[in-house]
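Visitor: I am new to this structure and would like to go through it step by step. Please show it first.

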Amino acid sequence: MLPSMTVVLMLVSLTCGENPAIQVILNNKGLQYGKHVGAGWIQEKMELITLPDISGEINIHIGTVYYTLTGITITKCDFPEPDVEFYQDPTGLKTSFFGLSVAITGGWSTHFGIIHDHGSFDMALFSIDVTSIVNLGKDPYGHLSVTSVSCDAQVGGLDVQFHGGASWIIQPFVKHFKGRIKSEIQGKICPTVEEYILNLESHLQAMNVSFDVNQDLTLDLPLTGLPVINASSLNLGLKGEFYSIKSPAEPPFKAQAFTMPEQQGYMLSMGLSEFTLNSASYEYFTAQLLNVLINDSMIPPSSPVRLNTSSFGQFIPQLPKLFPDLLMNLQVYAREVPLFSFLPGAVKLGFQGAVKAFAIQANKTQTPLFKLNVDTQVSGKVWIASGKLKGSLKMDNYSLTLAASEVGPFKTDALERCGKMGEMFVLAKLNEKLGKGVDLPRMRQAQLVNTVLEVDEGFIAIFSDAQVLLPPGGFN
């Protein structure tokens, strides 16, 4: 039962009162796929299972015979696919097996006073029914938790044949004690199921709820509240906030609530709020990482404009007179936090930046020349095709104004046209790469297939099926 549950939870494979910035929804189609994959794996692995020893005693009127059944292994299993459904009270999953039949073999040993004997046995268990209900919750650290609520197991019938030793003496008494053996086996089923659930719980508690995405940022993904379950889906709300690794800070904006459209035709749905991207932007901004120094060596050789005072004389006539034949540096940085906004069918990014220009003196000191404010807005479309995330960008607006000058006033029209051309060149290069696409992330034991993406008001929705890739050793 653990593998079925593991597959289901892997498909949705991570602080109360917060709106989640990321929502992951497992639909009934995904639940049934997880059940099917888990059941197939169980069917393959049943013969590798060794069951616990069974010990008991038989009263044969002249005394008591003590017996032990050891090395119990499954030789054949008629394993019908289980029923799995979302369960609303308590919030969790209900799993049921009906009509399971198992053939097992093993060894027997007995002692009656000083007499000891041993041999082998074959046993058949018929019409085994097991029903387990688990509760899905959230621990104080934001991990998904799973606990057993109830378990019921019934063994409909049992036949056993003893071989070797004095089995001819024991066999006639089988009808008197096979009910006890059936009860022993029946009593071990639910504790075994609950042990599997405890192992799964330990695995979930060991999972990380935050991940370093690079040397600067970590992504925080604890659950923001209890899982929400209805008859057809399981919804997990995740915090989805980026933090600076060195100097984390809370942004002055909050994640806004959003409602994912229902898409039962897919196994999984995921919603990504614009808050997630904006939290990354805020952390980069506050850590002063949205800052770049451009020198002449970084300008393409084909560019008609070079980073020196002579070349900039065409825009600022007095510059080469005040600072003749000097190289220049441009410090480009964000004045405000760049913010993403998601609108139906489009993604927009507003950038309010500044450019500070410096002349590099012969002694390598830098003399400030002027400061320009640059405001631009870019919009784009994103989609998924052939398993790749693709997109296109275009410039909606670009303006350049003089904010300060140490070389006197000058007109910025020509510089604005030059800057606009530079941005269009960069966007063209980006569009070339976005047109080729980026491979979708692939998990170690599952991959997304038949994936579509939609941009809505305030969030991006992704709908997908999944394919589980069972590892050689299965789920441990």
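Visitor: Which residue in the turn of the β7 and β8 hairpin has a positive phi?

Guide: This is a predicted model, in which local features need pLDDT of at least 70, side-chain atom pairs count only at pLDDT 80 or more, and totals for chains, interfaces and linings use all residues. Residues are numbered from 1 along each chain as its sequence is written, and side-chain values use heavy atoms, with hydrogens and water left out. Strands (E, at least two residues) and helices (H or I, at least four) are DSSP runs numbered from the N terminus. Five residues lie between β7 and β8 in their hairpin, and the one in the turn with a positive phi, of about 90°, is Gly142.

Visitor: How many bridges join β7 to β8?

Guide: Two strands count as paired if DSSP finds at least two bridges between them. Leu136 stands opposite Val146 in β8. β7 and β8 run antiparallel, and the number of bridges joining them is 18.

Visitor: Which residue of β7 is the bridge partner of Phe97?

Guide: β6 and β7 (residues 115-138) pair in the antiparallel sense over 18 bridges. Their hairpin has two residues between the strands, and Gly113 takes a positive phi near 65° there. The β7 partner of Phe97 is Val130.

Visitor: Which two cysteines form a disulfide?

Guide: A disulfide here is a pair of cysteine sulfur atoms within 2.5 Å. The count by this rule is one. With sulfur atoms 2.2 Å apart, the pair is Cys151 and Cys190.

Visitor: How many residues apart are Cys151 and Cys190?

Guide: The link between Cys151 and Cys190 is left-handed, with -85° about the S-S bond. Cys151 is in strand β8 (residues 144-163) and Cys190 in helix α4 (residues 174-206), so the pair links distant parts of the chain. The separation of Cys151 and Cys190 is 39 residues.

Visitor: Is Cys190 buried or exposed?

Guide: Buried means under 20% relative accessible area, exposed means over 50%, and partly exposed is in between (1.4 Å probe, protein chains only). Cys151, at 21%, is partly exposed. Cys190 has a relative accessible area of 11%, so the word for Cys190 is buried.

Visitor: How many residues does the largest nonpolar core have?

Guide: A nonpolar core is a set of buried Ala, Val, Leu, Ile, Met, Phe, Trp, Tyr and Cys residues joined through side-chain atoms within 4.5 Å. Those with the most contacts inside the largest one include Leu69, Phe121 and Phe162. The size of this largest core is 65 residues.

Visitor: How many residues are in the second, separate core?

Guide: This core includes Leu319, Met328, Leu369 and Val407. Its number of residues is 22.

Visitor: What is the angle between the planes of Trp108 and Phe162?

Guide: Rings of Phe, Tyr and Trp (its six-membered ring) pair if their centres lie within 6.5 Å; planes under 30 degrees apart count as stacked, over 60 as edge-to-face and the rest as tilted. By this rule there are 10 aromatic pairs. Trp108 and Phe162 form an edge-to-face pair, 6.1 Å centre to centre, and the angle between their planes is 85°.

Visitor: Where in the chain is Trp108?

Guide: The pair of Trp108 and Phe162 links distant parts of the chain, 54 residues apart. Trp108 is buried, with a relative accessible area of 2%, and Phe162 counts as buried at 8%. Phe162 is in strand β8, while the place of Trp108 is strand β6 (residues 91-112).

Visitor: Which backbone oxygen lies 2.8 Å from a polar atom of the side chain of Gln23?

Guide: Gln23 is found in strand β1 (residues 22-27). At 7% relative accessibility, Gln23 counts as buried. Its contacts (heavy atoms within 4.5 Å), leaving aside neighbours within four places in sequence, include Asn235, Met260 and Ser269. The backbone oxygen at 2.8 Å is that of Phe258.

Conventions
Polar contact = N/O pair within 3.5 Å; in protein donor to acceptor, adjacent residues only side chain to side chain.
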